[in-house]
Each structure stands twice: as structure tokens, then as C-alpha cells.
Amino acid sequence: MRLILFSLSLLMMFSCKEIENSPSIVRDTVSTNSVEYAEGFSIHEADNFITLTVKNPWPGSNESFTYELKKKGLSEEEDQKTNRPWHDSGFHKVLKYPVESIVVTSTTHIPSLDMLGVTDKLIGFPNLDYISSKNARKLIAEGKIVELGQNESINTEVLIDLEPEIVVSFAVDGSNKTIDNIQKAGIPVIYNADWTEKHPLGKAEWIKFFGALFGKQKEADSIFKVIELEYFAAMELARKAKTKPTVLSGAMYKDVWYMPQGDSWAAQFIADANGEYLWKETEGTGSLSMSLESVLDKGKDADFWIGPGQFVTVAQFEEAHPVYTEFRALKNGNVYTFTANKGETGGVLYYELAPNRPDIVLKDIIKILHPELLPDHQLYFFTQVE
């Protein structure tokens, strides 16, 4: 809408001839940010160049990193083109696309590679056992994806020998010696902050980030559009529910009960599934730290308990603490976990794929809270605790 109003204003200010002679006006028509839900990045595109800006790469950061992606194989004339309104000398890196070899550092990056059909470009990953993707596991078995150690201490010698064109990393703060060492070795590192997004569709939209790196912007846009449509269709269906069940979440760890805050990703799913998360009024996107007494007082009679930490059986609850049996949701068999569904080497499927497929997560929760609305849907991420 802003672009339309801007264009109308310009039409009132200039004649047609003046528009033709004004390069600044022509440039503005090619600069549009295609990112709608994600707050952590933007993409501008024109000619043979893409500008990828990652904002707030870690919680509390005010920094942003801007990368100019140049299409490979440009002629000298094309390479010299500067008719890009965002072009300036402040870019952090100039990279070439499409990328032919990549290292990523989070399992949440893997599904985007799968969906774009470029998993074969992945040549290294820290802690391979966490990966559940069947495509990636096949390549691992063939020795085409190399183990790089632990995420916080990547084996930089192995990484340097691999010579990836790019490393996609994430950061919990601004100090990371591993990233510094990789960059000193001449390997470009760019940040991915998908995990900091608040809205479920914001996390999924990071497929466009990878689409830009691999020159598959149209494919990424199309895939995301399908996910978006499926998500809103499910949300609309949930609104037809005649009840709004109350929901409890989390579990105790060393006498502290951790559960999602009211502005979190998990709380948004429950709201969109037409459920009543009992701690929806709390502010923040991380985890609440609660006493057992306060959780019992408010959540004892909750209809459902979704995401109870690592518990996957009733016996585990009973063994951990007798107070768990006082919750009505456990008594009635209405506890659902996402930690039981694992890949062949033990990686939790939810942690890897759920950020990329919020539409499936939402359908699962609708199925749990309102089974009559999705009679044919089979739970994908969640299983009932028995």
C-alpha cells in the first residue's frame, strides 16, 4: 500500500516526460521487500543483484548485516550496473549466487534446503546425529556431509578443508570466537535469526533467505505461499469450534516449572487453534519460570496439557513427582508431547521441521483441541502420552 501511495504521489508531481528523465523514480519501482511476516530480514532484488539484510541477528541486538548477492557469470557491463537504489558502500559482504556449497549450523535450516531441492549443496554440519531429514541422512551415509563437531566449538580445520562458499550460522550474542576464526580463514559467514521470530509464519518465511542464496527466489515464494494459505485455512476452520479448551504447558526442571510466555511462538499456536492458553496474558517471547504451587493453582483443571518437556509416558510423570497426577489433563489422558517423534539418530523432528511447517503444527493442535474439525488428519509432530 505504501508503494502504491508513493507512486500516485509521484504521478501528481511529475509529467510523463519528467518521469522518463528521472532515474531516481525508475529505480524505486524495482525495489520491493518480499518479506511479509519475518521481522529479522529483508530482501530487495533487481537486475542481477539481491540485497539481503539480516536485522537483530541475536536477542537485544541493534545491529544489522547487509549482504549484496551478485549473480555468478555477469559480464563486466552487468557487474558495473549501479541502478540499484539500495546500492552503497556500506555492505558487510559481497557474495556470489547461486551458492554451490554450503555449511549450515542449525537443523532448522535443513528443511529449507530440502524444500528447495538443494540439500546436495550441504557439505558440512555440526553434530550430524541431530539431523532427521531423510534426504540429508542419505547424503551423510554416503559421506557427502561431513561432521564438524559441536556447534559451540566447530572444528575449524575440517571446515577450512571443506572450502564451503558460505557458512550460515546463528548467534545468541555478539561474541563468537568460532565465527571470527572462520571469517579470518576467508570463508564468508552470514547470520540466520529464524529462531528469534515471534510469529509462526515469520519463522517459515526464512525459506526466502535460502531461496536468495541459491537463486531460487520464485520457488521459495511459491512454497511459502502454500504454507501461508494452509495456515490461514486451518486457522479459519478452528474459529468454527464451539468450545475453547483451556491449555497448560511445560514441566518442572529442578523444582522450577518452565512454560512458554504469552507472546511466544507456542502460545500463538494455541490461540490460532482456538484454545485458551492459561498464561496468555504474560509478556515476552521466551519461557516463564514458575513455582509448582502457582502452576498447580492455575492449571490443575486445565483441559489439555501440550508440550510437557521430555515426558512421553504417564509412568515418567508419576516417577518424577507425585504432584503431576493431580492435574486433570493427565488424569483424563489429555497430555500431548512433541518429543517422542524422532529421526533415525535421535533428533527430535519437531525441533527441525516445525519452524518450517507451522501449518502442520497448527493442524495438529486443532486436531488435539477440536478433533471433530479435522477427522481425517493424523497427528504428525505430537503424540498422546500413554
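I checked which helices line the second largest pocket. Helix H5 (110-116), helix H6 (134-141) and helix H16 (349-353) each give at least two lining residues. Helices here are DSSP runs of H or I with at least four residues, strands runs of E with at least two, numbered from the N terminus.

The model is predicted: local features need pLDDT of at least 70, side-chain atom pairs count only at pLDDT 80 or more, and totals for chains, interfaces and linings use all residues. Numbering starts from 1 along each chain as its sequence is written, and side-chain values use heavy atoms, without hydrogens and water.

I read off a volume of about 350 Å³ for the second largest pocket. That volume is the space filled by probe spheres set on the grid points, joined across faces, edges and corners. A pocket is an open set of points on a 1 Å grid over the protein atoms alone, where a 1.4 Å probe fits, with protein on both sides within 12 Å along at least five of seven lines; lining residues have an atom within 4 Å of a point.

Of its 17 lining residues, Ser133, Lys134, Leu349, Leu353 and Tyr380 are the closest to the centre. I asked where this pocket lies relative to domain 1 and domain 2. It lies between them, because domain 1 (41-74 + 89-224) and domain 2 (240-384) both give lining residues. The domain bounds come from an automatic or database assignment.

Next I looked up leucine 374, in the loop between helix H17 (358-369) and strand S19 (383-384). Its C-alpha atom is 9.1 Å from that of aspartate 364, 10 residues away along the chain.
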